[in-house]
Amino acid sequence: MSDITKNVDSDFETSKISFDDFREIILSDYKLAVESRIVSLLGRKEVLTGKAKFGIFGDGKEIAQIALAKVFKTGDWRSGYYRDQTLAFASGISNIYHFFSQLYANPDLTADISSGGRQMNCHFSTQLLDEDGNWLNQLDQKNSASDISTTGGQMARVMGLGLASKLYRENRNLDYLTYFSQRGNEVVFCTIGNASTSEGVFWETVNAIAVKQIPVVISIWDDGYGISVSNEVQTAKADISEALRGFQREGGSNGVEIFKVRGWDYPALCEVYEQAAKFAREEHVPCIVHVTEITQPQGHSTSGSHERYKSLERLEWENTFDCNVRMREWLLQSGIAQEEDLQALEKEAKEFVRQEQRRAWADYHKTIQIDLDEAISRLSTINDSSIEIPLKTLKSLGEPSLKEVYSNIRRAIRELRHVNTPEKEALLAWYESKRETNYHRYNDKLFTESPESPLCKDVVEAQYEDAAAMVDGREVLNACFEANFNRDDRVVAFGEDVGKIGDVNQGFAGLQEKFGELRIFDTGIRESAIIGKGIGLALRGLKPIAEIQYLDYLIYAMPVLSDDLASLSYRTKGTQKSPLIIRTRGHRLEGIWHSGSPMSVLLGGLRGIHICVPRNMTQAAGMYNTLLRSDEPALVVECLNGYRLKEKMPVNVGEFGVPIGVAELIREGKDITVVSYGATLRVVQEAAIELEKLGISLEIIDAQCLQPFDQNHLSGTSLAKTNKLLVVDEDMPGGASAFILQEIIEKQQGYFMLDGQPRTLSAKPHRPPYGSDGDYFTKPSVDDVIEMAYEMMSDYNGNEYPRLF
């Protein structure tokens with residue numbers, strides 16, 4: 001471990017530049033540090049005066065981040081931390097105007113270029129897509145994955161972002177993807193606070209990059225605390241680089257290079273980052289830079305004061321060792337600048353920051369003012385006393401918000417409910433047009449909405465020979481994957497046991513031998529890192545399939561799935577995408593583990609990811625064929641007990657498609673519409689045969705996808721015929737079945753077609769006990785479906801269908 005804890009010689013190599021040029025660079029760095037500090041101070045005031053909602057800032061880290069920016073080259077990547085404002089300014093990822101625009105939540109993407117008002121300040125992102133959702137050239141800019149607030153959440157994707165460089169360097173078949181890599185010479189710069197290194201995802205990622213030798217430089221900003229909790233409580237040995245010492249590579253082993261440097265030591269920081277970036281870029285050796293003696297002058301955020309938990313001695317030390325103060329002293333002591341030079345520079349910096357802040361506020365206020373003026377103008381044309389209060393309220397607003405504008409307009413519309421005039425109609429038409437405007441400001445781009453969306457793909461039907469072979473379902477999947485790997489060099493697959501043995505259910509059997517370990521490979525048991533790997537690879541133009549062995553294990557990756565992947569398109573307002581496919585399996589295995597179907601958890605946490613629930617492997621294969629030609633993320637949950645069930649092998653196994661979000665009519669009937677999916681669909685089909693003997697005809701619909709659900713409203717069409725609805729699945733009561741009911745009863749207006757109570761049949765609230773008997777008494781059985789369908793018919797016509805119990 002390289003421990004640079006003393007001042008290094010400030011005699012930089014100057015053979016290529018004059019002293020004046022050298023002096024200009026250093027003074028420019030100091031000026032940027034001053035500007036960034038003023039941004040933090042002024043930003044805090046804007047929050048405390050109510051002009052902004054909340055603030056989090058990067059004060060105390062200015063000098064280290066400026067040193068880091070010096071080795072951050074065009075084509076490189078950042079996966080960062082919400083303290084990186086100086087790095088963002090120094091690298092050109094953002095600027096002071098954009099920073100304050102984000103602080104004020106300006107919904108205009110040209111003002112808040114990172115999120116269009118959707119993320120709090122200090123959450124940075126670069127545009128990766130054009131207006132049509134096509135990739136921009138990542139080699140023309142310094143790239144930043146969109147920040148998230150989850151502590152440590154930036155770690156997971158680092159693995160994939162860096163692995164992409166390794167694949168682009170080693171797989172010559174990817175040379176045609178010139179928008180994404182220069183032969184793998186890109187470095188991923190990750191930043192994290194010292195307290196967040198306590199998160200499991202940090203250790204998962206460090207282990208993974210050490211094993212694979214990924215070109216990543218991780219900076220740990222160590223200010224000694226995690227809000228109020230000190231390093232002594234957070235970290236073994238109270239020192240993260242000491243705790244990581246076992247990862248240090250030595251004697252030709254894999255591992256990481258660890259550097260330790262003080263956050264106020266400008267020359268040492270520059271030297272360390274130059275060494276670390278060289279290791280990562282040229283040798284693909286991961287590096288960790290532990291930046292110690294960082295201060296945090298304003299405390300954690302605008303929500304509290306650090307004086308509550310720091311001693312007077314600590315506060316005095318922070319004043320003395322503030323990085324900007326120390327650099328200022330160094331500039332004076334070394335003769336690089338005089339006091340009057342620095343005072344003039346500091347004054348200019350303060351004026352510039354204030355100018356950019358005012359510009360950002362004026363532009364944000366202008367957005368509101370346009371809507372406010374139009375609202376006042378519309379209301380002023382209406383001669384009715386009932387709108388006097390909302391109109392006066394709008395006219396009196398000192399610091400208006402869009403919330404206040406539209407709250408008063410909606411109040412006025414309610415007051416005018418009995419009025420019918422051309423002026424009111426004009427108001428309503430204006431409001432409707434503004435609803436669309438506000439939808440695009442605040443609600444759009446949950447998905448890419450591009451022509452490459454899976455919802456826009458034309459699909460072809462599966463084709464079969466007359467004497468089509470009946471094979472195990474796993475063989476259909478295997479043939480599908482092989483065809484897609486042959487078709488598209490961008491496709492890669494990975495996960496526990498995916499490589500050598502071809503996954504536990506043999507979907508990838510033999511494919512690593514055919515396509516090599518660069519494209520199909522094993523990972524350790526680290527679900528968060530597996531998903532993060534997929535996110536990063538997809539951000540860099542590849543087509544990854546990340547396998548989580550069982551559906552239960554997906555829960556271990558939920559923070560990465562929910563906070564990062566699912567929200568990516570939305571939180572960047574459609575300027576970034578990560579078309580990752582997550583493959584897993586579940587349903588019907590007997591026992592508490594690997595047998596759950598937590599679909600409601602997924603539906604609640606994964607809005608922004610398509611959730612596909614195929615009933616068999618042919619349907620799953622068709623979904624993979626569609627998704628691998630698309631640009632949106634998806635989760636495919638295969639039926640665990642379906643791999644050895646016999647299915648016909650399609651002739652066009654790698655070409656046919658299953659449309660995403662389209663339900664399928666499996667069986668026509670006249671009495672009850674039954675909607676199900678996955679493994680329970682076979683239970684319903686078996687029950688339907690028995691119900692026919694009782695004179696009851698089921699119409700069975702396979703949902704196929706839960707997100708989106710039945711876009712063609714097949715369920716509603718069926719319900720209009722049967723007037724009775726039963727939803728069957730094996731999620732917990734009130735879970736996915738409730739979601740399906742809401743979709744059919746409300747969105748498809750099924751309520752108006754019912755002639756009886758809609759029913760759901762799901763699993764018991766607990767997980768199933770071990771064994772077939774436990775499964776029978778816990779999850780919907782054929783008998784359960786028969787009895788509930790019969791009960792529904794008995795409620796409808798008790799004479800013909802007398803009670804069973």
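Which strands does helix 27 (residues 782-796) lie across? I looked, and helix 27 lies across strand 19, strand 20, strand 22 and strand 23, running at about 170 degrees to strand 23. My angles run from 0 to 180 degrees between N-to-C directions, with axes as lines fitted to C-alpha atoms, for helices over the stretch in contact. Contact means heavy atoms within 4.5 Å.

**Ground rules.** This is a predicted model, so I kept local features to pLDDT of at least 70 and side-chain atom pairs to pLDDT 80 or more, while totals for chains, interfaces and linings use all residues. Residues are numbered from 1 along each chain as its sequence is written, and side-chain values use heavy atoms, with hydrogens and water left out.

**Whole chain.** I found 27 helices and 23 strands in the chain. These are DSSP runs numbered from the N terminus: helices are H or I with at least four residues, strands are E with at least two. The C-alpha atoms fill a box of roughly 100 × 80 × 50 Å along the principal axes. I then checked the radius of gyration: a compact globule of 805 residues would have one near 28 Å, and the chain's 30 Å agrees with that. That radius is taken over C-alpha atoms, and the globule rule is 2.2 Å times the number of residues to the power 0.38. Of the 805 residues, 59% count as buried, meaning under 20% relative accessible area with a 1.4 Å probe, protein chains only. Among contacts with a separation of 6 or more, 78% come from residues 24 or more positions apart.

I traced an open sheet of 5 strands with mixed pairing, in the order 18-20-19-22-23. Two strands pair if DSSP finds at least two bridges between them. Strand 18 (664-667) and strand 23 (759-761) are the edges, each pairing on one side only. Neighbouring strands here are turned by 25 degrees against each other on average, direction ignored. Helix 23 (residues 680-693) lies across strand 18, strand 19, strand 20 (698-702) and strand 22, at about 170 degrees to strand 20.

**Strand 19.** I went through its pairings next. Strand 19 (residues 672-676) runs parallel to strand 22 (residues 725-728), joined by 3 bridges, and valine 675 stands opposite valine 727. Strand 19 also runs parallel to strand 20, with 5 bridges; there, valine 674 has isoleucine 700 as its bridge partner.

Why is strand 19 largely enclosed by the rest of the structure? Because 5 of its 5 residues are buried. Ile672, Val674 and Ser676 are on one side and Thr673 and Val675 on the other. In a regular strand, side chains alternate between the two faces of the sheet.

**Rings.** My search of the whole structure gave 30 aromatic pairs. Rings of Phe, Tyr and Trp (its six-membered ring) pair if their centres lie within 6.5 Å; planes under 30 degrees apart are stacked, over 60 edge-to-face, the rest tilted. Phenylalanine 72 and phenylalanine 189 are a tilted pair, 5.5 Å centre to centre with 45 degrees between the planes. They sit 117 residues apart, and both are buried. Phenylalanine 481 and phenylalanine 508 are stacked, at 4.3 Å and 10 degrees. I also noted a cluster that includes Phe57, Tyr104 and Trp361.

**Charges over rings.** Lysine 51 lies over the face of tryptophan 361, 4.5 Å from the ring centre. Arginine 326 does likewise over tryptophan 264, at 4.1 Å. I counted NZ of Lys or CZ of Arg within 6 Å of the ring centre and within 35 degrees of the ring normal.

Notes
Buried means under 20% relative accessible area, exposed over 50%, partly exposed in between (1.4 Å probe, protein chains only).
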